[in-house]
Amino acid sequence: MKPLLFTLKAEPDQRLDLSGLTPDRLVRRTVKEIEEISIGTTRNAVKVGDLFKVKLGEATSVRFDGGSDRFDLLGAKLLPGFEIHVEGDVGAQLGRAAKGGTITVAGDAGAYAASQSAGAHIDIYGHAGDFLGAPLAGEMAGMSGGRVIVRGSVGARCGDRLRRGIIIVEGDAGDDLGSRAIAGTIIVLGEAGERIGYLNKRASIVLSGEYDLGPTYVDCGAHNLGFAKLFAKSLAQESRGASRLLSGRLQRYAGDTAVFGKGEILIPA
Amino acid sequence: MPQLIRKGIRIDESFAEAFPMTGAGVVITAPTRKWALQAATTMTGYATSVIGCDCEAGIDCELAGRDTPDGRPGVRVLLFGFSPKSVGKALVNRIGQCVLTCPGSAVFSAFDGEEKIKVGDSMRQFGDKWQISKAIDGRRYWRVPVMDGEFLVESQVGLTKKSVGGGNLLIMGEDWASTMRATEAAVEAVHATPDAIAPFPGGVVRSGSKVGSKYKGMGASTNDAYCPTLRGATNSALDADIGCVLEIVIDGLTSEAVSAAMRAGLKAIIALGPKTGAKRVGAGNYGGKLGPFHYHLKDLV
């Protein structure tokens, strides 16, 4: 099965809106039709054909050979059963509001990756910017399902207003990790910045080391938690580090008591 | 009655008559095998016949840690009833009373099924607003804080309407000891077949019943045709050499599971032979009026 292939000819001179190039929207289109799709975001119109060499393939999967940090909205609103692979970097809002499917990025992702994603499996092999899984300004909830794994590090406010689903960061996380999180799970294998779980309502944040969590998190003791074992088993293939972290005994800190206090931060005991 | 002879054991050319049921299955896990079994045996207590109990339930099999969702020792329990509603009610009551209360236990749905019963969803409120929901791999679980940690329960349990209840074998022998020897061998074989349970005590029923009674208000009464002490006094189905009759009743998730379990039980009885075990095997039916599933013994040997 060969994927529908987009080969980047040259670095784009403006930011691109690639939300139209998801496999579900390209089904049964000819090369010519695809090349006519407008992807520019300025007054200088840019079409797919201007920047990419298009080669038809399997309709359920799309591959980008070459990426750029100007590739915005890649995989936006992706539907279940489809997949996108990018051999390079991507810009902001990767997999924005994706309903399902798989997105893999071999390079880095910009800000707002997986923003409001509702069920996609997103793998970022490089780093991701600020606001991973977060809502855009004015929106009430962030990511609401699915799973995101970042093999590198992420910026600030990762998991902001996270509502459901799981975020795994194998590197470090910036400040305000899991800020205002409504529910869901965030796992960070590296180090996290300041104010972890700030105003966390019901989310679980799993960390690999000791932190000064401040007075709004209260120590609930060390426990063997059944749900953590389930997570460990389910993540064994995808992130061995996360799986190992969840298999052990975990110290539970309940909070943030400045809001409901029904969330938790779990740290190996 | 026409009979086949297998290794000296007389097999009646009769059939077991079974009827459709609704089935559900759960996997109960615990830190040790002992406590997983404890939860399962407590949960399946007093669940012999839907005529008098809320459901028919039994342990299908034990599971090793590598076969359970959370990697702990587990037990697969099957539960049967007449309607999805009654199965749901029995399941929620029994898990609430017997598994939620059992130390270390967790509950998972054993299969997806055509319908779902809210199990964790109706039990979560025991957490008094401290309960936490987690979605893992598309399934939703509730973490209910309890005194030994957390009770983890899947939000919904699958349910199938393709189940069959009432598969049976009538095992006839010279005395109690030899009949029981054959019956125990058959029960063991039935337990070893997947997706089928024998819900009666130890898998065995000694009070086979017939429909109706001479007393008003009694729906069922003793099956006098198979009572050895009435052999001369009633229209008996027993031969002169039969002094004891025991029955195994089988419920299965599918018709194939019931027939496989009956076949395995029959094979075990025949393997034991007539000298130490049973002399004759029959099956209970109501002339085809009870249900659409007929398991003919001649097809099973």
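**Exercise 1. Describe the contact between chain B and chain A.**

Solution. Contact, meaning heavy atoms within 4.5 Å, takes in 18 residues from chain B and 14 residues from chain A. The model is predicted, so local features need pLDDT of at least 70 and side-chain atom pairs pLDDT 80 or more, whereas totals for chains, interfaces and linings use all residues. Residues are numbered from 1 along each chain, chains are lettered from A in the order in which they are written, and side-chain values use heavy atoms, without hydrogens and water.

Next, take the buried area, the accessible area (1.4 Å probe) that two parts lose on being put together, summed over both: chain B and chain A bury about 1,300 Å² between them, 60% of it on carbon and sulfur atoms. In chain B, Lys134(B), Ile136(B) and Arg143(B) lose the most area to chain A, together 37% of what that side buries.

**Exercise 2. Which residues form the salt bridge between chain B and chain A?**

Solution. The count is one salt bridge, a side-chain nitrogen of Lys or Arg within 4 Å of a carboxyl oxygen of Asp or Glu. The partners are Glu264(A) and Arg143(B), whose closest N and O atoms are 2.7 Å apart.

**Exercise 3. Why is the pair of Phe108(B) and Tyr141(B) edge-to-face?**

Solution. Rings of Phe, Tyr and Trp (its six-membered ring) pair if their centres lie within 6.5 Å, with planes under 30 degrees apart counted as stacked, over 60 as edge-to-face and the rest as tilted. Here the centres are 6.0 Å apart and the planes stand at 70°, so the pair is edge-to-face.
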